[in-house]
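Hello,

Here is the structure for you to take over. My notes on it follow below.

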Amino acid sequence: MDAVDLPMTGAVGGSGRRLGPSAAGLVASGLEAALRLRVPRLYASTPLVRRLAVEMSVWLGLEERELKLAELCATVRDIGMIALPDAVVAASAGLSPEQWKSINRHPIIGAELLETVPGLEITAPIVRSHHERWDGAGYPDGLAGNAAPRLSRVIATADAFVAIASDRPHRIAADADVAREHIAQLRGTQFDPSTVDALLAVLGSRDPRLAESRPAARAAGQTRPLTLTPTEQRAPGLGAAVRALDRLPVFTPAQERATAAATSGGMVAQDLVGAIEGSAGLVVAVLSAAQHAPGGRGIANVPDAIRLLGGAGVADAISSVPLVPFPWQTIEQALQYQIRVHGQAVARAAQRIAEEVGFPDPDDLIAAALIHDVGKLVVARAQGPGAQVLDERVATPERRVQQERRALRVDHAGLGALLVERWGLPASLAAAVREHHSSASPDEPATLLRLADMVARHSDGHAVDRRLMLELARDSGLTVPALRTVLFDLPQSGSQRRRAEPSPLSRRETDALRQLAGGKVYKEVAAALGVSASTIRSHLHSTYAKLGVEDRAQAVLLATERGWI
């Protein structure tokens with residue numbers, strides 16, 4: 001980068017001499033070179049982030065000194081990455097939770113480094129805060145609103161746009177329009193509204209509202225729309241396919257059934273859960289609506305979303321979804337139906353597996369299962385009707401993924417995650433969808449989802465890698481006898497009533513009631529759970545009181561109906 005002249009704040013070099021104004025720029029250039037050599041893939045985004053940060057600062061009417069500081073901070077924002085282990089900075093697949101903790105420390109490490117460099121101390125607080133969020137959900141300090149430095153907010157918005165528009169090891173980039181729309185959707189939540197307006201303006205947004213909100217200092221034409229080079233954009237066919245799925249279509253019968261369940265005077269929550277989970281499009285619509293409701297941010301399953309929104313809120317959320325009328329005739333509509341049917345099977349398998357291994361968030365896993373293949377709609381649109389498609393009856397999912405990556409440099413899992421993020425759904429759902437075909441994913445929901453996908457395919461008579469399925473079962477804590485039972489029972493399991501409200505029972509009470517439902521007596525339940533018979537009696541008396549019933553038969557019936565056992 002060019003030398004940056006900044007007023008010094010009394011900093012001195014090791015010899016006791018003050019560093020000249022150009023020295024700060026020279027040191028920053030050295031740090032930039034170190035980052036480029038240490039993490040070339042990460043550094044590749046720096047020139048565009050730097051351009052955007054300066055252009056946005058101009059649009060915001062910042063002074064010349066702040067423009068130079070914006071350029072400098074954008075250049076060294078990720079310098080803390082040079083101190084992270086190779087396994088983290090050079091990872092080519094999803095990161096483990098511990099690796100993410102390490103990544104999330106890079107703003108702290110970078111700030112601590114810059115504080116020790118004479119002349120660059122002024123950049124330290126800005127670099128430290130460049131991953132904070134407007135709503136306070138960022139890191140490392142959870143600063144909200146104007147508590148984070150203004151230039152940190154500028155860089156955060158520019159950096160996020162470039163990240164979405166750049167290739168990552170686990171996904172292909174979106175095109176500029178998709179990235180721009182994604183940032184706009186998070187205006188006022190993740191990003192400072194004024195920085196989003198600035199970004200859209202310098203990218204040449206045609207939104208007339210921006211012209212009205214543009215600062216008077218910039219109205220004289222001191223800035224111009226930024227033109228991205230071809231290497232900074234993606235193939236328009238893939239981007240257009242993503243944009244076309246701004247909302248996921250819903251089959252008309254599914255929407256009608258859900259509307260009837262939501263508006264019924266005697267609404268039964270379990271029936272409404274089943275109706276919404278009968279369509280991936282309805283799941284997306286309801287979860288998206290929940291994110292915007294008070295207290296709904298982060299809700300990642302249908303029962304919790306319904307409990308938050310209520311029948312009227314659900315009816316409103318699904319009232320304007322795009323509909324696919326019956327009978328459906330196009331190839332894309334047939335694919336949508338196939339995704340729906342397969343999603344239902346994977347959800348049933350996921351529920352059974354979650355029960356067997358004691359997974360703590362089965363409802364979140366079910367939601368991920370219902371939408372895990374939505375990326376196939378993007379692949380179909382991008383490749384066109386003449387594309388070669390492998391027959392899933394004889395080709396394993398791994399072969400299909402390889403074919404997609406050869407053709408598009410991305411698979412349907414990565415594209416599905418991009419859609420989930422675009423719809424504003426929780427990051428946990430996006431991660432599960434993204435990683436559900438990853439061979440090295442340490443993420444438990446993604447591993448269980450991948451196993452459920454293979455179990456559903458095997459039950460449908462489709463090709464799967466049996467050795468891999470056994471390995472995934474072992475890694476998930478599912479025994480071979482339990483896997484055999486799930487595989488045998490799944491085709492006959494049919495639809496199950498779903499939980500509509502949280503269970504009031506403790507884990508031990510639930511286990512005891514489940515054992516009773518299996519026909520065991522007190523002594524057998526006690527032996528199975530490793531406690532005394534008197535303890536089991538205490539658990540069950542507590543269970544009866546919580547459920548408002550008088551005996552075990554009523555307790556088992558009520559808990560079964562509500563999906564608690």
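Confidence first, since this is a predicted model. Helix α16 (residues 280-291) has the highest mean pLDDT among the elements of the protein chain, at 96. Helix α12 (residues 208-213) has the lowest, at 40. Two stretches call for care. Residues 205-236 have pLDDT below 50, with 53 contacts in the model beyond near neighbours in sequence. Residues 167-173 are also below 50, and that stretch has 26 such contacts. Where pLDDT is low, the predicted coordinates should not be read in detail. For the protein chain, the mean pLDDT is 79, and 78% of residues reach 70 or more.

Now the fold. The protein chain has 30 helices and two strands. Of its 565 residues, 52% are buried. Among contacts with a separation of 6 or more, 68% are between residues 24 or more positions apart. The accessible surface is about 24900 Å², and carbon and sulfur atoms hold 53% of that.

Then the aromatics. How many aromatic pairs does a search of the whole structure find? One. Phenylalanine 251 and tyrosine 337 sit edge-to-face, 5.7 Å centre to centre, with 80° between the planes. Phenylalanine 251 is in strand β1 (residues 250-251) and tyrosine 337 is in helix α18 (residues 331-357), so the pair ties together parts 86 residues apart in sequence. Their burial is worth noting too. Phenylalanine 251 counts as buried because its relative accessibility is 8%, under the 20% cut-off. Tyrosine 337 is at 33%, so it counts as partly exposed.

Best wishes

Conventions:
Residues are numbered from 1 along each chain as its sequence is written. This is a predicted model: local features need pLDDT of at least 70, side-chain atom pairs count only at pLDDT 80 or more; totals for chains, interfaces and linings use all residues. Side-chain values use heavy atoms; hydrogens and water are left out. pLDDT is the predictor's confidence in each residue, from 0 to 100. Helices (H or I, at least four residues) and strands (E, at least two) are DSSP runs, numbered from the N terminus. Contact means heavy atoms within 4.5 Å. Rings of Phe, Tyr and Trp (its six-membered ring) pair if their centres lie within 6.5 Å; planes under 30 degrees apart count as stacked, over 60 as edge-to-face and the rest as tilted. Buried means under 20% relative accessible area, exposed over 50%, partly exposed in between (1.4 Å probe, protein chains only). Accessible areas come from the Shrake-Rupley method with a 1.4 Å probe; for residues, only the protein chains shown count as cover.
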